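Thank you all for coming; I would like to walk you slowly through one structure, starting from a single detail and then widening the view.

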Amino acid sequence: MEEESQGRGELVFAYYVTGHGFGHATRVVEVARHLIAAGHAVHIVTGAPEFIFRREMDSPKLSIRTALLDCGAVQSDALTVDRLASLELYSKTAVVPRATILPAEVEWLHSIKADLVVSDVVPIACQAAAQAGLPSVCVSNFSWDFIYSEYMTVAAPKHRSIVWQIAEDYSNALFVVRLPGYCPMPAFRDVVDVPLVVRCARRSRLQVRQELGISQHENILLFNFGGQDSKWSLKDEFLPPGWKCWVCGAPDEQELESQFMRMDRDAYTPDLIAASDCMLGKIGYGTVSEVLAYRVPFVYIRRDYFSEEPFLRKMLDFYRGAVEMNRRDFFSGRWAPYLGRARELKPRFDGRVNGGEVVARILQDAAVGKVDTPLRRSGSRRLQDAIIFGFQMQRHPSRDVQLPDWYATSDTQLAILPVHACPSTASADDDFQIVHGSLQGLSDTSWFLRTLGKLDEEGDVLASDHADRPQAQERLAAAGLFRWDDDVVVCRAPGRLDVMGGIGDYSGSLVLQMPIREACHVAVQLQPAGKQRLWKHMTARHKGTFKPAVRIVSFGSELANRAPTFDMDLSDFFDAQSKPISYEAARKYFEQDPSRKWAAYVAGTLLVLIRERGVQLHDGLSILVYSAVPEGKGVSSSAALEVATMSAITAALGVDVLPKDMAILCQMVENYVVGAPCGIMDQMAATCGEANKLLAMVCQPADVKEHINIPSHVRFWGLDSGIRHSVGGSDYGSVRVGTFMGRRIIQAEAAKYIPQMSVPAVDSNGTAGPSSAHLREVYDTELRVIEQEIKLNYLCNIPPSRYDALYAGLIPEELKGEAFFEKYGSHNDPVTRIKLESVYKIRAPTSHPVFENSRVKTFAALLTAANSDEQLSALGELMYQSHTSYSNCGLGSKGTDLLVSLTKHMQRSNLENAYKNQGTLFGAKISGGGCGGTVCIIGRESQEAYEEISKIQQLYVGLTGHKPYLFEGSSPGAAQFGYLRVRRTEVRS
């Protein structure tokens, strides 16, 4: 490289390094080292400590300037990213002071006479370069617009402008030098792919071990989390016999037992990796590149909300270089089975590791204007990035659940999950005999059975090194889940489209719900403890004993970045006195590992059955879950999962549970085990819904009135806004608190009316005349009504006219929790708590269910009216009113408001055709718990209406960049479907 640089003279590189972590700094060192060796000057702008660079390059051509121009991802601990805090800190660091940062950087770039600006991967550096008239190049495996896009979508839609601004900044770069394990980076015009950038080991394995007093035959685990919590306990018993552990970055106050050795702060990590037998840590580019380069097996703990991780994890899987340890076993010290598995791995990475030199050469070329040669086919690469970016932004289990093999070579080769989960030509697999139940013509159920038929008994979640080719973890785990010499029970429960009623469910409203086509399937098999094929870490936990356990595998987990498996012993559901644990204890149990918190929806059904029905479990359970109900879209994905799971478990156990009771039990799972304050509506729709009918139910607590046939000329659709909804969110919860506060205020105000009521007078002889008798009857009736309102259980039992006349004016617009508690005490809601410091809206949340109940009754009656545009217009107007009421409560969102506005626009623009019965759309409303999610639209069943829905989708994607997912069609609820008991006709050896 020195020879190539001759004749160019000294070039000046301004190298900006993100404040995300030391991993970026260490790879920058490797590139800068080659640039300096070629005779060039490198000015590094960084928030990282200067010693990281100086200890590697002691050269006068290196200058370090301390400045923090971005913040990366803020971590609440070593394993969890705080998404909202990340966006807010970036705003403070790079957005608010932007007007002063840019001119200062431009002036500095001119002062050092920079030839090229290099960024890893600071967005504003590219904009500063453009304003200074300089070329810029980024070097990274990810970009912050991709990382923050998920944070923005899930945690803070208000910060979307940050993502757009970052993408605009990056677009100023000539190209991005893309490192292996890359994420989508569509903001860049062109890309150049390079080998791994890896720091070289300075000393041999023998030298390192001799210096540390370790023989060549001892097993060494390198423990490196980039700065772990001082509260983490590291005990000798965590290590298998014959193992010692080198600990990097241990806080001074952390106590280490005898088999753990504290490494110096300035210890050179590549030397330690190369000299160890296994590494335990978290996934990051620096760690992944170095364990692959030195072919050291890697045991990793999954990080929460770390969007870069799935792509690096795929690279590890492809080269058979890693084993995942679940967080529960990590903290409890059950490391042995994972280390044993890791020692059996034979990492097969054989690629080049001279990325630092290659990148330096590319940067030299870019600095002198030679940028044409390496950019061939970059347009197709940008298209690939844009497609995968779409996967990330709109991901959910029902569509494109795995990345295509042309982007990540280790995931879809299995063909486990198709691009579309419901192929129209599906049929049951010949391997299975349906012993009980019927497919009922459902193609998604037929597909699920075919998926079961592909599984064998030879899998293990940790056995990827024995596969002929890399396999997804969920496939490996599911492969050994069932024993095919016994039956498997399969149940199905759909999501639901909230047509009318919504959040009125917890106030006793009538609701109208349509079960949708998308559904969740759950397969369950009971297995005696001695016959369960346990995963290896479970076997180690049991220490040779046979304990009944629960094993759960979730298909479609990868893009949601949640762990694909969960396991627990049934004994975990009982305390030391062999009594079932409390719901609060269970909630804390499942919250220990956020990447596996999803298992509370599944395993929580067992605890509810144990506590509420006295169900006794003697055998272990193996459970496979696949849900095509999109998460966060407001169509009850959680209820579908709970109902399908409990239906399958009770069928396997032979426990009879009535459909209504099933829904109530599943609501308890969500309220008490998961901790989400939902009403009963979702679980009832998933359980009791019927295809192509509206479930009409009075939620007091769950009284099914009828199944209303949807008229043949009426059609309901759902359009997803792209804004994630959660009934566990703060807005939904605070509105529910405000509603119950309002009910409590009405009870108190009703009690004040009794002393004010005057008893009708009587005649002189002590008897009431005809007039007085009538007045007395009126008095008694009013007294009974008042007494009922003093004990009011459901707000919806108050007629709107009475509410307006007596109570509406007495309900405060809002009230602080502390003030309410001092005056009224508890709000008497068992699933929410009043935060004393919070201010709650009360009037709007109290009024909503009273008037919504009336709207729903009118809506149900109108459905039976004659087919006319007037009928549809009246139905649509009721939906618009409901949507407005949601917004008044604070449960609206820009996305759902926009979809409703586009529906109104379409309705107005087609008004003339509508009166000619040409077919159009008539109304729309936000559905479910609000705060994003899906909008329900009503229209005439016609081709024109479908075309208008398509136009709304196109307009929405043009305005927001998100194409709404379309919900159409219906399917049976769990009770109507029943259950399948299937048996493999040929047991495979």
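This is a predicted model: local features need pLDDT of at least 70, side-chain atom pairs count only at pLDDT 80 or more; totals for chains, interfaces and linings use all residues.

Which residue in β7 is the bridge partner of S119? The partner is C138, and the strands concerned are β6, residues 116-120, and β7, residues 136-140, which pair in the parallel sense over 3 bridges. Strands here are DSSP runs of E with at least two residues, helices are runs of H or I with at least four, and both are numbered from the N terminus; two strands count as paired if DSSP finds at least two bridges between them.

Residues are numbered from 1 along each chain as its sequence is written, and side-chain values use heavy atoms, with hydrogens and water left out.

Widening the view, β6 and β7 belong to an open sheet of 7 strands with parallel pairing, in the order β3-β2-β1-β6-β7-β8-β9. Because β3 (62-66) and β9 (191-193) stand at the edges with a single partner strand each, one side of each is left without a neighbour in the sheet.

Turning to the whole protein, there are 34 helices and 30 strands, and 60% of the 989 residues are buried, where buried means under 20% relative accessible area, exposed over 50% and partly exposed in between, with a 1.4 Å probe and protein chains only. Finally, among contacts (heavy atoms within 4.5 Å) with a separation of 6 or more, residues 24 or more positions apart account for 72%.
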